Amino acid sequence: MLRYTWKRILTGIFSLFVLVTVTFFLVRIIPGSPFQRGGVSEQVVETIEQEYGLNEPIMTQYFSYLGNVVQGDLGISYQDPATQVSDIIARAWPVTASIGITALAVSVLLGTGLGILRAVSKRRWLREVISAGGMLAAGIPSFAAAILLLLVFSVKLKWLPASGLLSPVHYILPVTALALYPAAMIARLVGNTLDGELQKDYVLFARAKGLGKGQIIFTHALKNAYLPVLNYIGPASASLLTGSFVIESIFTIPGLGREFVSSITNRDYTLILGLTIFMGTVVIVVNLFTDLLCAWLDPQTRRAYREDRA
(Lines give C-alpha, C1' and ligand atoms only; values in the text may rest on other atoms or scores of the structure.)
Protein backbone atom coordinates (compact mmCIF):
# COMPACT_ATOMS: atom_id res chain seq x y z
CA MET A 1 0.00 0.00 0.00
CA LEU A 2 2.89 2.36 0.78
CA ARG A 3 4.49 1.75 -2.62
CA TYR A 4 1.15 2.31 -4.34
CA THR A 5 0.75 5.59 -2.42
CA TRP A 6 4.18 6.85 -3.41
CA LYS A 7 3.62 5.90 -7.02
CA ARG A 8 0.38 7.88 -7.11
CA ILE A 9 2.00 10.90 -5.39
CA LEU A 10 4.91 10.97 -7.86
CA THR A 11 2.48 10.63 -10.77
CA GLY A 12 0.49 13.57 -9.40
CA ILE A 13 3.62 15.75 -9.07
CA PHE A 14 4.68 14.95 -12.63
CA SER A 15 1.16 15.69 -13.92
CA LEU A 16 1.21 19.06 -12.17
CA PHE A 17 4.63 19.86 -13.69
CA VAL A 18 3.32 19.05 -17.19
CA LEU A 19 0.21 21.16 -16.56
CA VAL A 20 2.27 24.17 -15.46
CA THR A 21 4.64 23.84 -18.42
CA VAL A 22 1.92 23.49 -21.05
CA THR A 23 -0.14 26.34 -19.58
CA PHE A 24 2.89 28.65 -19.38
CA PHE A 25 3.71 28.33 -23.07
CA LEU A 26 0.06 28.43 -24.15
CA VAL A 27 -0.65 31.74 -22.41
CA ARG A 28 2.42 33.22 -24.06
CA ILE A 29 0.99 32.59 -27.53
CA ILE A 30 -2.25 34.47 -26.75
CA PRO A 31 -2.29 37.47 -29.13
CA GLY A 32 -1.72 40.88 -27.58
CA SER A 33 -0.28 42.03 -24.28
CA PRO A 34 -1.76 42.17 -20.77
CA PHE A 35 -0.98 45.91 -20.77
CA GLN A 36 -2.33 46.69 -24.23
CA ARG A 37 -5.60 48.41 -23.42
CA GLY A 38 -7.15 51.83 -22.99
CA GLY A 39 -5.22 53.38 -25.89
CA VAL A 40 -1.80 52.82 -24.28
CA SER A 41 1.03 53.47 -26.75
CA GLU A 42 3.40 50.74 -27.88
CA GLN A 43 6.32 52.49 -26.19
CA VAL A 44 4.56 52.48 -22.83
CA VAL A 45 3.60 48.82 -23.28
CA GLU A 46 7.20 47.89 -24.03
CA THR A 47 8.41 49.78 -20.95
CA ILE A 48 5.93 47.98 -18.68
CA GLU A 49 6.78 44.58 -20.22
CA GLN A 50 10.46 45.28 -19.62
CA GLU A 51 9.68 46.08 -15.99
CA TYR A 52 7.92 42.75 -15.57
CA GLY A 53 10.59 40.83 -17.47
CA LEU A 54 8.33 39.93 -20.40
CA ASN A 55 10.97 41.09 -22.89
CA GLU A 56 13.40 38.36 -21.78
CA PRO A 57 13.79 35.08 -23.71
CA ILE A 58 10.83 32.73 -23.18
CA MET A 59 12.95 29.99 -21.55
CA THR A 60 14.42 32.51 -19.10
CA GLN A 61 10.90 33.57 -18.14
CA TYR A 62 9.85 29.91 -17.80
CA PHE A 63 12.65 28.86 -15.47
CA SER A 64 12.27 32.04 -13.45
CA TYR A 65 8.55 31.41 -12.98
CA LEU A 66 9.14 27.75 -12.17
CA GLY A 67 11.66 28.70 -9.49
CA ASN A 68 9.17 31.12 -7.92
CA VAL A 69 6.40 28.50 -7.96
CA VAL A 70 8.61 25.97 -6.17
CA GLN A 71 9.06 28.59 -3.44
CA GLY A 72 5.28 29.13 -3.25
CA ASP A 73 5.30 32.50 -5.01
CA LEU A 74 2.59 32.75 -7.69
CA GLY A 75 3.42 36.38 -8.45
CA ILE A 76 1.18 39.43 -8.71
CA SER A 77 -1.79 40.07 -10.95
CA TYR A 78 -0.81 42.10 -14.02
CA GLN A 79 -4.20 43.82 -13.98
CA ASP A 80 -3.99 44.64 -10.27
CA PRO A 81 -0.28 44.94 -9.35
CA ALA A 82 -1.12 45.65 -5.71
CA THR A 83 -2.70 42.18 -5.32
CA GLN A 84 -0.95 38.84 -5.06
CA VAL A 85 -2.39 35.96 -7.09
CA SER A 86 -2.47 33.90 -3.90
CA ASP A 87 -4.68 36.57 -2.29
CA ILE A 88 -7.15 36.39 -5.19
CA ILE A 89 -7.28 32.61 -4.85
CA ALA A 90 -7.74 32.86 -1.08
CA ARG A 91 -10.66 35.24 -1.63
CA ALA A 92 -12.42 33.27 -4.39
CA TRP A 93 -11.75 29.68 -3.29
CA PRO A 94 -14.04 29.60 -0.22
CA VAL A 95 -16.95 30.77 -2.38
CA THR A 96 -16.37 28.09 -5.02
CA ALA A 97 -15.68 25.43 -2.39
CA SER A 98 -18.89 26.18 -0.49
CA ILE A 99 -20.96 25.67 -3.63
CA GLY A 100 -18.95 22.62 -4.71
CA ILE A 101 -19.12 20.85 -1.34
CA THR A 102 -22.84 21.51 -1.05
CA ALA A 103 -23.45 20.25 -4.61
CA LEU A 104 -21.31 17.18 -3.93
CA ALA A 105 -23.21 16.36 -0.73
CA VAL A 106 -26.56 16.75 -2.51
CA SER A 107 -25.36 14.61 -5.43
CA VAL A 108 -24.11 11.78 -3.22
CA LEU A 109 -27.12 11.71 -0.89
CA LEU A 110 -29.74 12.08 -3.61
CA GLY A 111 -28.00 9.77 -6.09
CA THR A 112 -27.35 7.06 -3.49
CA GLY A 113 -30.92 7.22 -2.18
CA LEU A 114 -32.48 7.02 -5.64
CA GLY A 115 -30.08 4.24 -6.66
CA ILE A 116 -30.99 2.14 -3.63
CA LEU A 117 -34.69 2.76 -4.22
CA ARG A 118 -34.36 1.72 -7.83
CA ALA A 119 -32.53 -1.49 -6.90
CA VAL A 120 -34.82 -2.67 -4.11
CA SER A 121 -38.24 -1.42 -5.22
CA LYS A 122 -40.73 -4.02 -6.41
CA ARG A 123 -42.74 -1.41 -8.28
CA ARG A 124 -41.79 -1.42 -11.92
CA TRP A 125 -43.24 2.03 -12.61
CA LEU A 126 -41.11 3.57 -9.84
CA ARG A 127 -37.93 2.02 -11.21
CA GLU A 128 -38.77 3.28 -14.69
CA VAL A 129 -39.52 6.79 -13.39
CA ILE A 130 -36.15 6.90 -11.60
CA SER A 131 -34.34 5.63 -14.69
CA ALA A 132 -36.12 8.09 -17.00
CA GLY A 133 -35.51 10.99 -14.61
CA GLY A 134 -31.84 10.07 -14.39
CA MET A 135 -31.50 9.94 -18.17
CA LEU A 136 -33.20 13.33 -18.48
CA ALA A 137 -30.99 14.93 -15.78
CA ALA A 138 -27.83 13.42 -17.28
CA GLY A 139 -28.75 14.66 -20.75
CA ILE A 140 -29.20 18.32 -19.78
CA PRO A 141 -25.93 20.33 -19.66
CA SER A 142 -25.42 22.18 -16.39
CA PHE A 143 -25.48 25.60 -18.09
CA ALA A 144 -28.83 24.77 -19.75
CA ALA A 145 -30.23 23.57 -16.43
CA ALA A 146 -28.98 26.77 -14.77
CA ILE A 147 -30.68 29.00 -17.36
CA LEU A 148 -33.90 26.99 -17.15
CA LEU A 149 -33.96 27.13 -13.34
CA LEU A 150 -33.21 30.85 -13.44
CA LEU A 151 -36.03 31.58 -15.88
CA VAL A 152 -38.60 29.49 -14.00
CA PHE A 153 -37.85 30.13 -10.33
CA SER A 154 -36.34 33.62 -10.46
CA VAL A 155 -37.81 35.40 -13.48
CA LYS A 156 -41.23 33.76 -13.81
CA LEU A 157 -42.20 32.66 -10.30
CA LYS A 158 -39.88 35.04 -8.41
CA TRP A 159 -39.41 32.46 -5.65
CA LEU A 160 -35.62 32.44 -5.52
CA PRO A 161 -32.86 35.07 -5.98
CA ALA A 162 -31.10 35.16 -9.32
CA SER A 163 -27.55 36.14 -8.34
CA GLY A 164 -25.01 36.32 -5.54
CA LEU A 165 -24.51 34.23 -2.40
CA LEU A 166 -25.88 36.50 0.30
CA SER A 167 -27.94 33.86 2.15
CA PRO A 168 -28.57 30.08 2.18
CA VAL A 169 -31.48 30.60 -0.23
CA HIS A 170 -29.04 31.91 -2.85
CA TYR A 171 -27.37 28.48 -2.95
CA ILE A 172 -30.47 26.60 -4.12
CA LEU A 173 -30.35 27.33 -7.85
CA PRO A 174 -26.58 27.07 -8.51
CA VAL A 175 -26.24 23.96 -6.34
CA THR A 176 -29.20 22.31 -8.08
CA ALA A 177 -27.76 23.09 -11.51
CA LEU A 178 -24.40 21.62 -10.51
CA ALA A 179 -25.80 18.57 -8.72
CA LEU A 180 -28.23 17.28 -11.36
CA TYR A 181 -25.75 15.46 -13.60
CA PRO A 182 -23.56 13.82 -10.90
CA ALA A 183 -26.68 12.80 -8.92
CA ALA A 184 -28.09 11.09 -12.01
CA MET A 185 -24.81 9.26 -12.67
CA ILE A 186 -24.47 8.14 -9.05
CA ALA A 187 -28.08 6.92 -9.02
CA ARG A 188 -27.44 4.88 -12.16
CA LEU A 189 -24.19 3.40 -10.82
CA VAL A 190 -25.63 2.56 -7.40
CA GLY A 191 -28.79 1.08 -8.92
CA ASN A 192 -26.93 -1.15 -11.38
CA THR A 193 -24.19 -2.35 -9.05
CA LEU A 194 -26.45 -2.86 -6.03
CA ASP A 195 -28.91 -4.81 -8.14
CA GLY A 196 -26.07 -7.15 -9.12
CA GLU A 197 -24.82 -7.47 -5.53
CA LEU A 198 -28.28 -8.43 -4.25
CA GLN A 199 -28.24 -11.48 -6.55
CA LYS A 200 -24.98 -12.87 -5.17
CA ASP A 201 -24.63 -15.88 -2.89
CA TYR A 202 -23.54 -13.99 0.23
CA VAL A 203 -26.76 -11.95 0.13
CA LEU A 204 -28.88 -15.08 -0.29
CA PHE A 205 -26.99 -16.65 2.63
CA ALA A 206 -27.60 -13.55 4.77
CA ARG A 207 -31.31 -13.75 3.99
CA ALA A 208 -31.35 -17.41 4.92
CA LYS A 209 -29.82 -16.48 8.29
CA GLY A 210 -32.74 -14.16 8.90
CA LEU A 211 -31.02 -10.80 8.49
CA GLY A 212 -33.30 -7.89 7.66
CA LYS A 213 -33.36 -6.27 4.23
CA GLY A 214 -32.00 -2.96 5.51
CA GLN A 215 -29.16 -4.63 7.38
CA ILE A 216 -28.16 -6.64 4.32
CA ILE A 217 -28.16 -3.59 2.08
CA PHE A 218 -26.37 -1.08 4.32
CA THR A 219 -24.01 -3.46 6.13
CA HIS A 220 -22.93 -5.76 3.32
CA ALA A 221 -24.17 -5.12 -0.22
CA LEU A 222 -23.84 -1.33 -0.42
CA LYS A 223 -20.18 -1.37 0.63
CA ASN A 224 -19.27 -3.67 -2.27
CA ALA A 225 -21.56 -1.87 -4.70
CA TYR A 226 -20.05 1.52 -3.87
CA LEU A 227 -16.54 0.91 -5.25
CA PRO A 228 -17.45 1.87 -8.85
CA VAL A 229 -19.31 4.87 -7.44
CA LEU A 230 -16.17 6.06 -5.61
CA ASN A 231 -14.23 5.87 -8.87
CA TYR A 232 -16.76 8.28 -10.36
CA ILE A 233 -17.10 10.53 -7.30
CA GLY A 234 -13.36 11.34 -7.35
CA PRO A 235 -13.25 13.20 -10.70
CA ALA A 236 -16.79 14.55 -10.16
CA SER A 237 -15.92 16.05 -6.77
CA ALA A 238 -12.72 17.57 -8.18
CA SER A 239 -14.75 19.22 -10.92
CA LEU A 240 -17.32 20.57 -8.45
CA LEU A 241 -14.68 21.85 -6.03
CA THR A 242 -12.77 23.77 -8.69
CA GLY A 243 -15.94 25.48 -9.84
CA SER A 244 -18.09 25.64 -12.91
CA PHE A 245 -17.12 28.65 -15.00
CA VAL A 246 -20.50 28.94 -16.68
CA ILE A 247 -22.58 28.45 -13.51
CA GLU A 248 -20.64 31.13 -11.64
CA SER A 249 -21.02 33.51 -14.57
CA ILE A 250 -24.77 32.88 -14.91
CA PHE A 251 -25.47 33.46 -11.22
CA THR A 252 -22.84 36.23 -10.80
CA ILE A 253 -20.90 34.30 -8.17
CA PRO A 254 -17.43 35.72 -7.31
CA GLY A 255 -15.62 32.38 -7.32
CA LEU A 256 -12.64 30.80 -9.08
CA GLY A 257 -14.57 30.26 -12.30
CA ARG A 258 -15.38 33.92 -12.75
CA GLU A 259 -11.81 34.91 -11.87
CA PHE A 260 -10.48 32.46 -14.45
CA VAL A 261 -12.73 33.79 -17.22
CA SER A 262 -11.75 37.36 -16.30
CA SER A 263 -8.03 36.49 -16.31
CA ILE A 264 -8.25 35.06 -19.83
CA THR A 265 -10.19 38.07 -21.08
CA ASN A 266 -7.58 40.43 -19.61
CA ARG A 267 -4.61 38.25 -20.66
CA ASP A 268 -3.46 38.25 -17.05
CA TYR A 269 -0.68 35.65 -17.43
CA THR A 270 0.20 35.22 -13.76
CA LEU A 271 -3.43 34.91 -12.66
CA ILE A 272 -4.17 32.36 -15.39
CA LEU A 273 -1.16 30.30 -14.32
CA GLY A 274 -1.87 30.66 -10.61
CA LEU A 275 -5.50 29.55 -10.97
CA THR A 276 -4.48 26.66 -13.23
CA ILE A 277 -1.87 25.47 -10.72
CA PHE A 278 -4.29 25.72 -7.81
CA MET A 279 -7.19 23.99 -9.56
CA GLY A 280 -4.86 21.34 -10.96
CA THR A 281 -3.54 20.66 -7.46
CA VAL A 282 -7.07 20.28 -6.11
CA VAL A 283 -7.98 17.84 -8.89
CA ILE A 284 -4.82 15.78 -8.34
CA VAL A 285 -5.19 15.67 -4.54
CA VAL A 286 -8.87 14.68 -4.69
CA ASN A 287 -8.20 11.95 -7.27
CA LEU A 288 -5.26 10.72 -5.20
CA PHE A 289 -7.41 10.51 -2.09
CA THR A 290 -10.12 8.64 -4.03
CA ASP A 291 -7.65 6.16 -5.52
CA LEU A 292 -6.14 5.45 -2.11
CA LEU A 293 -9.59 5.01 -0.57
CA CYS A 294 -10.59 2.58 -3.32
CA ALA A 295 -7.33 0.65 -2.89
CA TRP A 296 -7.90 0.46 0.86
CA LEU A 297 -11.48 -0.78 0.42
CA ASP A 298 -10.69 -3.17 -2.44
CA PRO A 299 -7.94 -5.74 -1.77
CA GLN A 300 -7.92 -6.69 -5.47
CA THR A 301 -6.42 -3.29 -6.35
CA ARG A 302 -3.52 -3.82 -3.95
CA ARG A 303 -3.07 -7.41 -5.13
CA ALA A 304 -2.95 -6.30 -8.76
CA TYR A 305 -0.29 -3.70 -7.92
CA ARG A 306 1.84 -6.33 -6.11
CA GLU A 307 1.57 -8.65 -9.14
CA ASP A 308 2.69 -5.81 -11.43
CA ARG A 309 5.70 -5.16 -9.19
CA ALA A 310 6.57 -8.85 -9.22
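Arg 124 and Glu 128 sit together in helix H5 (residues 124-139), four residues apart, or about one turn of the helix. Helices here are DSSP runs of H or I with at least four residues, strands are E runs of at least two, and both are numbered from the N terminus. Arg 124 forms a salt bridge with Glu 128, and their closest N and O atoms are 3.0 Å apart. A salt bridge means a side-chain nitrogen of Lys or Arg within 4 Å of a carboxyl oxygen of Asp or Glu.

The model is predicted: local features need pLDDT of at least 70, side-chain atom pairs count only at pLDDT 80 or more, and totals for chains, interfaces and linings use all residues. Residues are numbered from 1 along each chain as its sequence is written, and side-chain values use heavy atoms, with hydrogens and water left out.

## Overall build

The protein chain holds 14 helices and zero strands. Along its principal axes, the C-alpha trace spans about 85 × 65 × 30 Å. The chain has 310 residues, and 40% of them are buried. Buried means under 20% relative accessible area, exposed means over 50%, and partly exposed lies in between (1.4 Å probe, protein chains only).

The accessible surface comes to about 17,200 Å². Carbon and sulfur atoms account for 65% of that surface. The areas come from the Shrake-Rupley method with a 1.4 Å probe, and for residues only the protein chains shown count as cover.

Contacts are heavy atoms within 4.5 Å. Among contacts between residues at least 6 apart in sequence, 74% join residues at least 24 apart.

## Salt bridges

How many salt bridges does the structure hold? There are two. Side chains of opposite charge can pair when their charged atoms come close. Arg 124 counts as exposed, at 59% relative accessibility. Glu 128 is partly exposed, with a relative accessible area of 43%.

The side chains of Arg 91 and Glu 259 also meet in a salt bridge, at 3.5 Å from N to O. This pair links distant parts of the chain: Arg 91 is in helix H4 (residues 85-120), Glu 259 is in helix H12 (residues 256-265), and the two are 168 residues apart. Glu 259 is buried, with a relative accessible area of 19%.

## Threonines around H4

Thr 96 is also found in helix H4. Is Thr 96 buried or exposed? Thr 96 counts as buried because its relative accessible area is 1%. Its side chain joins that of Glu 248 in a polar contact of 2.8 Å. Such a contact is a pair of N or O atoms within 3.5 Å; within protein, one must be able to donate a hydrogen and the other to accept it, and residues adjacent in sequence count only if both atoms are side-chain atoms.

Thr 83 lies in the loop between helix H3 (58-70) and H4. Thr 83 is buried too, with a relative accessible area of 14%. Leaving aside neighbours within four places in sequence, Thr 83 is in contact with Ile 76, Ser 77 and Ile 88.

## A nonpolar patch

A nonpolar surface patch covers about 970 Å². Its members include Phe 143, Trp 159, Phe 245 and Val 261. Helix H6 (142-156) and helix H11 (245-250) are the elements that give two or more residues to the patch. H6 gives the largest share, six residues. Patch residues have over 30% relative accessible area and no salt bridge; like charges are joined within 9 Å, and nonpolar side chains (Val, Leu, Ile, Met, Phe, Trp, Tyr) within 5 Å.

Phe 143 lies in H6. Phe 143 is partly exposed, with a relative accessible area of 42%.

Most residues other than glycine have a negative phi, and most peptide bonds are trans.

| Residue | Phi | Relative accessible area |
|---|---|---|
| Lys 158 | near 60° | 65%, exposed |
| Arg 267 | about 55° | 26%, partly exposed |

Lys 158 is placed in the loop between H6 and helix H7 (172-197). The Lys 158 side chain reaches the backbone oxygen of Val 155 at 3.5 Å. Arg 267 lies in the loop between H12 and helix H13 (269-297).
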